[in-house]
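Let's walk through this structure together, starting with its aromatic rings and then moving on to its helices, charges and surface. Please keep the sequence and the 3D view open as you read.

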Amino acid sequence: MTTDSLHSHSAPGLHVPHASHTPQAPSSRPSRAAGILLVMSVITVGLMAGLFFAFDVSVMPGLARTDDRLYAEAMQNFNQVIDTSGLFVLIFLGALAVTVAVAVIEYRKGRRTVALWAGVAAALYVVALLVTFSVNIPLNNELAAIGDPAKARDLSLVDKFKGVWETTNIMRTLLCTAALGCLAHCLRLQGRGWAGVPN
């Protein structure tokens, strides 16, 4: 039986679609779980970028106007407070966890473009962590080891902070800011996905 004869024998009002008019399968929509995690990722990475930036533009330049003993004492206090802050540790490590989770979920959903940008953001943040654990934290530990700066005889370590520590902190700021930019682009792609616009 031909298509024309099928049309001619069909009941009134019954439309038999032509094979060429078969609707396409809908594109994969964003995952709600990934959307929530993406927002968490933007917030946590943004907080880390802001923390490092605050040290770049206010804390370290302000300390540079003081003498070495006050500089060392202030940095010891900053490090001790941060190291004992559960909230800081949660955000510091949680930022990586939620960003990786976004990349994995979106990759499995077939939304490879979003997964790629989230993966790049995670990679940038990992580099920031590596800088922290390989440079900044060892310097913090060395500073803590000198004890009370008022009684210390050698404060040459302060020069390392003014040179190496401050430079690597700028690197962390740039890395986290770049990661935040990638995540912002992920949000844009998520919005396009919910609107039904292919990425």
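Two rings of Phe, Tyr or Trp (its six-membered ring) are called a pair if their centres lie within 6.5 Å; planes under 30 degrees apart count as stacked, over 60 as edge-to-face and the rest as tilted. By that rule, the structure holds five aromatic pairs. Before we look at some of them, a word on the source: this is a predicted model, in which local features need pLDDT of at least 70 and side-chain atom pairs count only at pLDDT 80 or more, while totals for chains, interfaces and linings use all residues. Residues are numbered from 1 along each chain as its sequence is written, and side-chain values use heavy atoms, with hydrogens and water left out.

Now for the overall layout. The secondary structure comes to six helices and zero strands, where helices (H or I, at least four residues) and strands (E, at least two) are DSSP runs numbered from the N terminus. Along the sequence this reads as α-α-α-α-α-α. The chain has 199 residues, of which 34% count as buried; buried means under 20% relative accessible area, exposed over 50%, and partly exposed in between (1.4 Å probe, protein chains only).

Back to the rings. Phe-55 and Phe-78 form an edge-to-face pair, with 5.9 Å from centre to centre and 85° between the planes. Phe-55 sits in helix α2 and Phe-78 in helix α3 (residues 68-83), so this pair links distant parts of the chain, 23 residues apart. Phe-55 counts as buried because its relative accessibility is 10%, whereas Phe-78 is partly exposed at 30%. A second pair joins Phe-92 and Phe-133: their ring centres are 6.0 Å apart and their planes stand at 50°, so the pair is tilted. Phe-92 belongs to helix α4 (residues 86-108) and Phe-133 to helix α5, so parts that are 41 residues apart in sequence are tied together. Here Phe-92 is buried, with a relative accessible area of 8%, and Phe-133 is partly exposed at 48%. Ring pairs also link Phe-55, Phe-78, Phe-161 and Trp-165 into a cluster.

How far apart are the end C-alpha atoms of α2? They are 45 Å apart, which agrees with the 46 Å that its 32 residues should span at 1.5 Å a residue. The expected span of a helix is 1.5 Å times one less than its number of residues.

Helix α5 (residues 112-145) can be read in the same way. It has 34 residues and reaches 48 Å from its first C-alpha to its last, close to the 50 Å expected. A kink of about 40° in α5 is centred on Thr-132. Just after α5, Gly-147 takes a positive phi of about 80°.

Let's turn to the charged side chains. The structure holds two salt bridges, each defined as a side-chain nitrogen of Lys or Arg within 4 Å of a carboxyl oxygen of Asp or Glu. One of them joins Asp-68 and Lys-162 (3.5 Å, N to O). Asp-68 lies in helix α3 and Lys-162 in helix α6, so the bridge ties together parts that are 94 residues apart in sequence. Asp-68 is partly exposed, with a relative accessible area of 29%, and Lys-162 is partly exposed at 31%.

Glu-106 and Arg-111 meet in a salt bridge as well (3.2 Å, N to O). Are these two residues buried or exposed? Glu-106 counts as buried at 0% relative accessibility, and Arg-111 is buried with 6%. Glu-106 is in helix α4, and its C-alpha atom is separated by 9.7 Å from that of Ala-33, 73 residues away along the chain.

Finally, the surface. Val-39, Ile-43, Leu-47 and Leu-187 make a nonpolar surface patch of about 340 Å². Patches are made of residues with over 30% relative accessible area and no salt bridge: like charges are joined within 9 Å, and nonpolar side chains (Val, Leu, Ile, Met, Phe, Trp, Tyr) within 5 Å. Accessible areas come from the Shrake-Rupley method with a 1.4 Å probe, and for residues only the protein chains shown count as cover. Helix α2 (residues 32-63) gives the largest share of the patch, three residues. Leu-187 is in helix α6 (residues 157-194) and, at 36% relative accessibility, counts as partly exposed.

Key: The bend at a residue is the angle between axes fitted to the seven residues ending there and the seven starting there.
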